[in-house]
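Hi,

Here is the structure I promised to pass on to you. Have a look at it first, and then read on for my notes.

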Amino acid sequence: TGQLTGTEAVCKPVVCAAAKAAPHAAIVGANPVHFGQAVRYECETGASTTGLPSGAANYSVSCLAGGKLGPSQACEPITCGAAPTASFAVSGGQNAEVLFGEKVAYTCVTGFSVDGGAASAKTFDAVCTADGNFSGVQSCKAISCGDLTKDSMKHAQYSLGEYRFPQSIPVVCDTGATVDADPDGESTFHVSCGADGKFANMTDCKPIKCPVPPNPTSHAADKTGEVTYEENVLFTCSTGYSTDGTPIGTKSFSKQCEASGSLSRSSPGSCVDIDFCYDSPCGASGICTDSGAGVPAPGYTCACFEGFEEKPNGLGGTTCSEDDCAGDPCGVGGTCTDLSKVGGGEGAY
């Protein structure tokens with residue numbers, strides 16, 4: 001018949017076996033594919049064909065004439081390199097290569113925290129990101145102990161302001177003060193800011209103390225026991241005493257507690273028994289005898305010479321004056337007897 005018989009043959013492209021899944025990648029589009037086509041792989045987030053942020057995010061595998069897929073690339077996790085150093089923090093993985101999504105744990109060194117607070121976090125994580133950099137890297141800060149104010153320590157000089165671990169602050173006690181109130185005690189010391197956020201060795205300086213001696217017979221103090229630096233003690237003379245031993249002398253003196261731990265020297269500085277005969281109250285016609293230590297005014301007696309007797313001097317004491325027979329009031333023909341010497345009234349003879 002001159003015609004071909006049978007089914008007409010048609011040539012078709014060779015079909016390659018289905019592509020297999022690849023790490024860190026997903027197949028996008030047709031699979032399987034035939035000769036002349038390619039299977040497309042898209043790298044997952046955080047991966048590239050070189051493991052670098054600049055690497056390609058996809059690749060293709062061609063179907064070859066022999067029905068097999070051609071050479072393939074791979075998606076590799078992006079590397080951020082070695083973990084960076086963080087100020088005042090340590091990490092166990094700083095020398096190892098860190099890949100996308102991996103974390104590096106950091107711990108602040110003693111006395112430091114993420115924000116300088118004593119109760120704040122002392123650890124943090126750095127994460128490798130898709131751009132090849134680390135996020136979350138922090139610098140640990142020295143823990144703060146707060147401020148030293150003028151009221152933080154009494155009777156002391158020091159620099160005011162905020163202090164952080166491990167700062168040390170020199171402190172100098174004021175003049176007249178030591179750490180233990182003893183004149184030979186320490187007058188300088190250091191306060192330190194601790195890792196716990198608290199000041200250590202912080203104490204007040206104490207005013208130096210001076211003992212007040214027991215009261216002697218001659219005078220008495222208005223304070224007993226001990227007084228502190230620059231405090232005054234008033235001493236009052238006992239009855240029959242003055243600061244210069246005279247009836248008109250002052251009857252008190254004061255002393256101040258000094259930095260040496262002793263009461264100051266003063267002038268006058270003591271009370272002495274009054275010598276009530278110092279200005280010859282009996283006059284030239286008698287002998288004055290002081291009545292003894294501590295005897296109050298008038299504090300003396302007069303031994304008058306013949307022809308003289310003790311009479312009030314108008315000052316609370318007596319003096320030797322001519323007796324009532326002075327001038328021979330009885331005349332030549334009689335003998336005068338001063339009756340005031342034997343109990344009679346003044347002027348009687």
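How many salt bridges does a search of the whole structure find? The search finds six. A salt bridge here is a side-chain nitrogen of Lys or Arg within 4 Å of a carboxyl oxygen of Asp or Glu. Before the details, please keep in mind that this is a predicted model, in which local features need pLDDT of at least 70 and side-chain atom pairs count only at pLDDT 80 or more, while totals for chains, interfaces and linings use all residues. Residues are numbered from 1 along each chain as its sequence is written, and side-chain values use heavy atoms, with hydrogens and water left out.

Side chains of opposite charge can pair when their charged atoms come close. One of the pairs is E226 with K209, whose closest N and O atoms are 3.4 Å apart. E226 sits in strand β24 (residues 226-228) and K209 in strand β22 (residues 209-211), so this pair ties together parts that are 17 residues apart in sequence. Strands are DSSP runs of E with at least two residues, and helices are runs of H or I with at least four; both are numbered from the N terminus.

You will also meet words for how much of a residue can be reached from outside. Buried means under 20% relative accessible area, exposed means over 50%, and partly exposed is in between (1.4 Å probe, protein chains only). E226 is partly exposed because its relative accessibility is 45%, and K209 is partly exposed too, at 38%.

Another salt bridge joins D151 to K150, with 3.5 Å between the closest N and O atoms. D151 is exposed, at 58% relative accessibility, and K150 is exposed as well, at 64%. A further one links D222 with K223, where the closest N and O atoms are 3.5 Å apart. D222 has a relative accessible area of 47%, so it counts as partly exposed; K223 is partly exposed at 25%.

**Disulfides**

How many disulfides does the structure hold? The structure holds eleven. A disulfide is a pair of cysteine sulfur atoms within 2.5 Å.

Take C80 and C128, which are joined with an S to S distance of 2.0 Å. Their link is right-handed, with 90° about the S-S bond. C80 lies in strand β6 (residues 79-82) and C128 in strand β11 (residues 123-128), so the pair ties together parts that are 48 residues apart in sequence. C80 is buried, with a relative accessible area of 12%, and C128 is buried at 1%.

C145 and C193 form another disulfide, S to S 2.0 Å. The link of C145 and C193 is right-handed, with 95° about the S-S bond. It connects distant parts of the chain, as C145 is in strand β14 (residues 144-148) and C193 is in strand β19, 48 residues apart. C145 is buried at 11% relative accessibility, and C193 is buried at 3%.

Is the link of C277 and C288 left-handed or right-handed? With -75° about the S-S bond, the link of C277 and C288 is left-handed. Their S to S distance is 1.9 Å. C277 is in the loop between β28 (272-273) and β29 (286-290), while C288 is in strand β29, eleven residues apart. C277 is buried, with a relative accessible area of 16%.

One cysteine to look up is C11, which is in no disulfide: the nearest cysteine sulfur, that of C63, is 16 Å away. C11 is exposed, at 81% relative accessibility.

**A charged patch and a loop**

On the surface, D180, D182, D184 and E186 gather in a patch of negative charge. A patch is made of residues with over 30% relative accessible area and no salt bridge, with like charges joined within 9 Å and nonpolar side chains (Val, Leu, Ile, Met, Phe, Trp, Tyr) within 5 Å. D180 is in the loop between β18 (177-178) and β19 (188-193), and D180 is partly exposed at 48% relative accessibility.

Finally, find S54 in the loop between β3 (47-48) and β4 (58-62). S54 is exposed, with a relative accessible area of 69%. The C-alpha atoms of S54 and G132 are separated by 9.3 Å, and the two residues are 78 residues apart along the chain.

Enjoy exploring!

Note on methods
Accessible areas come from the Shrake-Rupley method with a 1.4 Å probe; for residues, only the protein chains shown count as cover. Lys and Arg count as positive and Asp and Glu as negative; His and the chain ends are not counted. The place of a charge is taken as NZ of Lys, CZ of Arg, CG of Asp or CD of Glu.
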